[in-house]
Amino acid sequence: MGQTIAEKILAAHAGKTGVVPGEMVDVELDLIVGNDASTPIAVKQIETYGLLDKVAHPSKIYLALSHYSPAKDINTASHIQLTKRFADRYPEVTVFPEGYGIEHVIIPEEGLVGAGDLVIGADSHTCTYGAVGAFATGVGSTDMAAAMVTGKTWMKVPETQKFVYTGKKRPFFTGKDLVLYLIRQLGVDGVTYQVMEHAGEALLDFTMEERLTIANMAIEAGGKTGIVSYDEVTERYLAGRAKRAYRPTFADADAMYAAVYEWDISDLEPQVAKPNLPSNTVDVSSVEGLSMDQVYIGSCTNGRISDLRAAAAIMKGRKVNSNLRTIVVPGSKAVYQQALREGLIDIFLEAGALVGPPSCGACFGGSMGILAPGDRCLSTTNRNFTGRMGAATAEVYLSNPSVAAATAVTGKITHPAEVAHEPVL
Amino acid sequence: MNLKGNAHTFERDMNTDVIIAGRYVASTDPKVLASRIFEDLDPTLSTRIQPGDIFVADANFGCGSSREHAPLAIKGAEVSCVIAPSFARIFYRNAINIGLPILECKGIYEVTEPGDEIEVDLKSGVVKNVTKGLEFQASPFPEFILSLIEQGGLMEKVVADLNR
Ligand code: SF4
């Protein structure tokens, strides 16, 4: 029987020739990822069980100090300290210091993950790495602790749903809009315990950065991960970047899927998710004119260079509306530096936006952009749950960076074509 | 093992941000987390939970982030068990890993009102709403997960495997 991409990657890491959905497997990991919010609990678990000296493969461990970057108070500073002290025991553990970037931006950017890899991370958006053809999934801190000690984890082989895209995307329709549209169709538990496999000729039109956004939000439909089929876009991205050998993995023609969807994307317009679930998504045209108190551009979903370029293209030579705060947070130091070189940071500052250091920032209500009761925010992040970015009565809307930038300019949700006529990618 | 307690009910898609808001994940102390549990949904809930109480929720409980602070907060509140027709997978793993009993069971949410007395037999998976006099059968744990629970959680299993 044919196998899906996920089944092949899991089988390869379980030392088997094949696996079937529902089967429990013990798998060897290529990468174990944590951050300053999840790692402290993992370290405490390891310490409680007297295993601090028993970490199996420290060179596979990557810890990003990105959630509170820099620390916002004594508690968060202590978490960073604890994480660093743990890493100090193992010179082979890689720590990305405060300001270096968000883990899901840095790890693909630096070529640390490649096609065919099996990755767990103590962060739900670890699924981002599916964009380069890896099987990557979020776990909790205790799973991370066990994996650091054993180099392995247990998994139930998931079923896969396949999404085949056809047609041609319209201006200002991006990877973010595609994944919001998908969650709108499937609901927030549409792929629970399952994998999304993205394929189809229309995907060739989506850059790797857009694909990282698509894979990033698999978890928002409950998915274990979202894998984009390996193609020339993947090949171009990984060649010369990958730090380890990678193994392009393809689905068999007779692979078994729990469902197969074929979607023509030609008529779709940019999407906006309304509070308080990512599935509460509508076409941008049906929420146009709604006034906002804040626009937030950043995060592991849309804090990459192409996102900042898209936002800057709209803000260039314009001012952000004085009725709202506009916050731009580059996803990594490399993105920040590239944006500086291209003059994008100048454009944001000239427009009156606030530019923060690379960080998760306000995405999860951590720091630097927290919402007051009743505030409305249009954000390029991935979640708009109650209280996600601050007060419980604050409202979070999700969109792509062009819609966010156009909204920053007018103060109300706006289709970018109304502000700028040519999209920039 | 038999658990008995009063029900607190929750609608579908209760995400981990609602269970414990991002502004509190700077703490890892189950007691501190418990004092903030579901604060954005119901600010007084934490003061009304009695040790042993049972959460009865609709589908997709625990969706969203991987924060283990969510099951830790529930454990810290001394809730004895969470019952729902389905759970988000990271939450499910986390709960099992830290030894918070969690049961997939259809039908009970629809008939349960806050305060109803609930009784759970973890071994057989029989779940009763005593107040309403109704009985339900939860899905059995897969063998692997049952052995994890019996060993006391994932870290206990890791230690046992290392010493083998
Ligand atoms: S940017 Fe937001 S979603 Fe991404 S890792 Fe940070 S907190 Fe999580």
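This is a predicted model: local features need pLDDT of at least 70, side-chain atom pairs count only at pLDDT 80 or more; totals for chains, interfaces and linings use all residues.
Local features need pLDDT of at least 70, side-chain atom pairs count only at pLDDT 80 or more, and totals for chains, interfaces and linings use all residues; side-chain values use heavy atoms, without hydrogens and water. Residues are numbered from 1 along each chain as its sequence is written, with chains lettered from A and ligands numbered from 1 in the order in which they are written.

Start with the ligand. The space it takes is the largest cavity. On a 1 Å grid over the protein atoms alone, a cavity is a set of points where a 1.4 Å probe fits but cannot get out. A molecule sits in one if more than half of its atoms lie within 2 Å of its grid points. Around the ligand you find H67(A), I102(A), H104(A), D123(A), H125(A), S299(A), C300(A), C360(A), C363(A), F364(A), N382(A) and R388(A). Such a neighbour has a heavy atom within 4 Å of the molecule. By class, this shell has five nonpolar, five polar and two charged residues. Nonpolar means Ala, Val, Leu, Ile, Met, Phe, Trp, Tyr, Cys and Pro; charged means Asp, Glu, Lys and Arg; the others, Gly among them, are polar.

Where does the ligand lie relative to domain 1 and domain 2 of chain A? Domain 1 (5–264) and domain 2 (272–418) both give residues to the shell, so the ligand lies between them. The domain bounds come from an automatic or database assignment.

Now turn to the largest pocket. A pocket is an open set of points with protein on both sides within 12 Å along at least five of seven lines; lining residues have an atom within 4 Å of a point. This one holds about 390 Å³ of space. Its lining has 20 residues, and K156(A), Y193(A), Y92(B), E104(B) and I145(B) lie nearest the centre. β7 (152–156) of chain A and α5 (89–97) of chain B are the elements that give two or more residues to it. Helices (H or I, at least four residues) and strands (E, at least two) are DSSP runs, numbered from the N terminus. α5(B) gives the most, with three residues. The lining has 11 nonpolar, three polar and six charged residues.

Y193(A) also stands out in its backbone. Its phi is near 65°, a positive value in a residue other than glycine. Y193(A) lies in the loop between α6 (175–186) and β9 (194–199) of chain A.

Finally, look at a cis peptide bond. One joins S69(A) and P70(A), with omega about 0°. P70(A) lies in the loop between β3 (61–64) and α3 (74–88) of chain A.

Conventions:
Grid points are joined across faces, edges and corners, and a volume is the space filled by probe spheres set on the points.
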